[in-house]
Amino acid sequence: MAEAAAPAPPAQPVETRSAAGRGLGAGLGQYAGFLPALVLYGVFFLVPLALIVAYSFWQTVDYNVVHDWTLDNYRYFFSVPTYARTLWATIWVSLAATALTIGIAFPFAYWLVRYVPKRLQGLLLVLVILPFWTSYLLRVYSWLNILGPEGAINRFLQWIGLTDHPISFFLYDRPAVILVLVYLYFPFAALTLYASLQRFDWDQFKAAMDLGAPPRTAIRKILLPQMKPGIVTAVIFVFIPILGEYLAPQLVGGARGVMIGNLIVNFFSGAQYTRGAAAALLIAALIVVLLVIFRRSLEVKDPYAT
Amino acid sequence: MPRDVEVVSPRAGLVRGLLGGWAALVYVFLFAPIVLLVAFSFNANKYGTFPFTGWTTQWYGEVFGNYQIKDALTTTLKVAVEVTVLSTVVGTAAAFPLVRSRLPFRSGVRIGMTLPIMIPGLLIGVSLLILFTSVFHFQLSPQTAVIGQAVYTTPFVLLLVAARLQGFDPALERAASDLGANTYKRLRYVVLPLIAPAVFAGALLAFTLSLDEFIITLFLIGGHNTLPIYIYTQVKFGITPEVNALASLLLAASLVLIGLAFAVPVAARKARQSLRLRRA
């Protein structure tokens, strides 16, 4: 301990950190804390993910999984028109829901940062995140009361005499799925965009307007380019979970709102593990493609490094 | 600071008003479903929707008298306690080397460890289903659900504790060791008291997340029910005010727990500060 304390002036954070590291056991001992995590993540996260990859390339013969490598599961998936259509629908719905979420969250975050006094911002932000911390199932479930032919919206519209038949937009269908998805993932987008807008140097904005730029030009030329990492992060945080969505399409999607998550669940509950694994891997592949496209502009901070 | 920007723009008042209205709509959008859910749970209308036909607590009485719900509640709590213990221990232990060791690819490891939060729960659920049923040949039970949920909740504990570890002064520990404290004593009397609020907050968070977890549990719990799974199976037969009441109760429980998880570290910091002031 003495050699650690003596040569390291406390002003250098790198040195103090490694000194503290030596404090709790030296050498391999410093990694001991990873051991339980290694078991949990290794055996119950990484191995299963590897398994799903393997299963997607194996086949089921007479209810037994045969370890022959083949592309049959993927071929089967794309040979059934309904499945292929569901895949495209999933991508389309995810894109629409993500765009809407960001589109709604951006003006909101902008308002919060620019027009709300600092001391109120925290409280208003907590209110946005609050629903996120309640049950995911209940947040979807709460819309069942509202949508549908007998739901609150259509009942209300008929009650006040605005319409005499249920409005189709609020029925259990694809628009309803998108609406609920926006509801579910809005907090992610609002939080990310808020953080990004708060870091923005508003003096630059002011300078642009002093030089004669109208607000719209200042937003487009100064604000948006600098917010790109924040927007990309928001897109990823919203798009990825939506790709694997099961509950929202299941509860409010009706017959036409089906997404690939529902197919996967059907495959697995029908014990078609290899076909289900292939469908699951299609989602994973989409996620990887997305991350590769955006890897340069993704905001990956490392708060624990110096 | 941005306030003085508005002087420049003549239409600033209009823009401000429009944005304010937009924000108000956002809050209505976020809270209307939840408020309606709670309102319907007190509505005498037995279809669980408009119109309001009267005020009643009958549905809550039915929730408390339902033995299936009691069963599901017991399972939910058992699972949540086990998940909390497991993920708090694993997450806290891993936070130390993550913050303090000379780790190669630190940011890579950190992203890897938060991956279970990022990827859809559906993937965790089905991949563990394959592992448990086809490789290990386990009987699906609340225990397999505990493992699945812990994979998802541990990163939250890890992030909270790591942030706290990062924040405290390593000189404190050096001082303790200069005064002759061994590794155990440093851990017991210096490090743990300092990170205790974060560990506690992490545990509460894990408990709440477990209480509400749906998709991983759906695949792994086998024949048993947790409350979210019970609600899901009931919803298939249509909405009932009884389920609205149960949902409201679960909602209230989550909000209280989350409130505690965020309030406790703040309260602990304030208590420490006032203690320091009194000593000074």
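Chain B and chain A meet through 81 residues from chain B and 85 residues from chain A, where two residues are in contact if their C-beta atoms, placed from the backbone, lie within 7 Å. On the side of chain B that touches chain A, helix 1 (residues 12-41) of chain B supplies the largest share, 14 residues. Helices (H or I, at least four residues) and strands (E, at least two) are DSSP runs, numbered from the N terminus. That side of chain B holds 58 nonpolar, 14 polar and 9 charged residues. Ala, Val, Leu, Ile, Met, Phe, Trp, Tyr, Cys and Pro count as nonpolar, Asp, Glu, Lys and Arg as charged, and the others, Gly among them, as polar.

This is a predicted model, in which local features need pLDDT of at least 70, side-chain atom pairs count only at pLDDT 80 or more, and totals for chains, interfaces and linings use all residues. Residues are numbered from 1 along each chain as its sequence is written, while chains are lettered from A and ligands numbered from 1 in the order in which they are written.

Chain A has domain 1 (2-66) and domain 2 (80-294), with bounds from an automatic or database domain assignment. Their C-alpha centres are 33 Å apart. In the contact between them, 8 residues of domain 1 of chain A meet 7 residues of domain 2 of chain A. Helix 3 of chain A gives the most to the domain 1 side, with 4 residues.

| Residue | Phi | Loop |
|---|---|---|
| B:H137 | about 55 degrees | between helix 5 (121-135) and helix 6 (142-167) of chain B |

A:A271 is exposed, with 10 other C-beta atoms within 10 Å. B:H137 is exposed because it has 7 C-beta neighbours inside 10 Å; exposed means 12 or fewer other C-beta atoms within 10 Å, buried 20 or more, and partly exposed in between, with C-beta atoms placed from the backbone.
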